[in-house]
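I set out to record what I looked up in this structure, entry by entry. The sequence and the model come first.

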Amino acid sequence: MWRAILTLSLLLILAGCNDREKVVTYALTDNEQNQQEIEKLLKEDDAIEQANLLVIEDELFVAMQLKPFEKWNRKKIEEDWKKKLEDKFSDSKVNVSADFKMFWESTKLMEEKDQKKMLKELHALKKLAKEET
């Protein structure tokens, strides 16, 4: 009995320590509704472990980190998300990447304080996302 209680309490403590946010957003736009709608969609997807969302004027850049077993379907997930976002936000340019390097670079980009430098690095990141390695 005590072992079961001890095990259960240990699991609850460990579950409480997982405080990472699933979606982190950087926005340079006034349209909060679109931003919140995209965040909600990303949070609902079970294949996504974490995602960075950059909303700048009429551009959307989504870099996601997939769960381990979902990485085999990376291209399909990217295409599905790109199509879903383009259908929902047809007036925006959409870029979606499930590559870990894009996720990592976008995380660094979101910490940038200088807005002009951040925009310049974002354009370089979009070019890098289009390349096939």
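**Entry 1. A residue of a helix.** I began with E86, which is placed in helix α3; helices here are DSSP runs of H or I with at least four residues, strands are runs of E with at least two, and both are numbered from the N terminus. E86 counts as partly exposed because its relative accessibility is 35%, where buried means under 20% relative accessible area, exposed over 50% and partly exposed in between (1.4 Å probe, protein chains only).

**Entry 2. Basis of the values.** I note that this is a predicted model, in which local features need pLDDT of at least 70 and side-chain atom pairs count only at pLDDT 80 or more, while totals for chains, interfaces and linings use all residues. Residues are numbered from 1 along each chain as its sequence is written, and side-chain values use heavy atoms, with hydrogens and water left out.

**Entry 3. The whole protein.** I found five helices and four strands in the secondary structure. Along the sequence they follow the pattern α-β-α-β-β-α-β-α-α. Of the 133 residues, 34% are buried. I looked next at contacts (heavy atoms within 4.5 Å): among those between residues at least 6 apart in sequence, 59% join residues at least 24 apart. The accessible surface comes to about 9500 Å², and 53% of that area belongs to carbon and sulfur atoms; the areas come from the Shrake-Rupley method with a 1.4 Å probe, and for residues only the protein chains shown count as cover.

**Entry 4. Helix α3.** Which residues of α3 are buried? They are I77, E78, W81 and L85. These residues lie on the same side of α3, because they cover an arc of only 100 degrees around the axis; the arc is that of the directions from the helix axis to the C-beta atoms. K76, E79, K83 and D87 are exposed on the other side of α3. The buried residues of α3 pack against α2 (32-44), β2 (48-56), β3 (59-66) and β4 (93-97).

**Entry 5. Helix α2.** I repeated the check on α2, whose 13 residues should span 18 Å at 1.5 Å a residue; the end C-alpha atoms are 18 Å apart, in agreement. Its buried residues are Q35, I38, E39, L41 and L42. Their arc around the axis is only 165 degrees, so they fall on the same side of α2. Exposed residues Q33, K40 and E44 sit on the face turned away from that buried side. The cover over the buried residues of α2 includes β1 (23-28), β2, β3 and α3.

**Entry 6. Salt bridges.** I counted five salt bridges, each being a side-chain nitrogen of Lys or Arg within 4 Å of a carboxyl oxygen of Asp or Glu. One of them joins E59 to K126, with the closest N and O atoms 2.1 Å apart. E59 lies in strand β3 and K126 in helix α5, so this pair ties together parts that are 67 residues apart in sequence. Are E59 and K126 buried or exposed? Both are buried. K126, in α5 (residues 115-130), has a relative accessibility of 13%. Leaving aside neighbours within four places in sequence, K126 is in contact with E59, F61 and N95.

I next looked up R74 and D99, whose side chains meet in a salt bridge at 3.7 Å, N to O. This pair links distant parts of the chain, 25 residues apart: R74 is in helix α3, and D99 is in the loop between β4 and α4 (100-110). R74 is partly exposed at 25% relative accessibility, and D99 is partly exposed at 28%.

A further salt bridge pairs E105 with K108, the closest N and O atoms being 3.7 Å apart. Both residues lie in helix α4, three residues apart, about one turn of the helix. E105 is partly exposed at 22% relative accessibility, and K108 is partly exposed at 40%.

Conventions:
Expected span 1.5 Å × (residues − 1).
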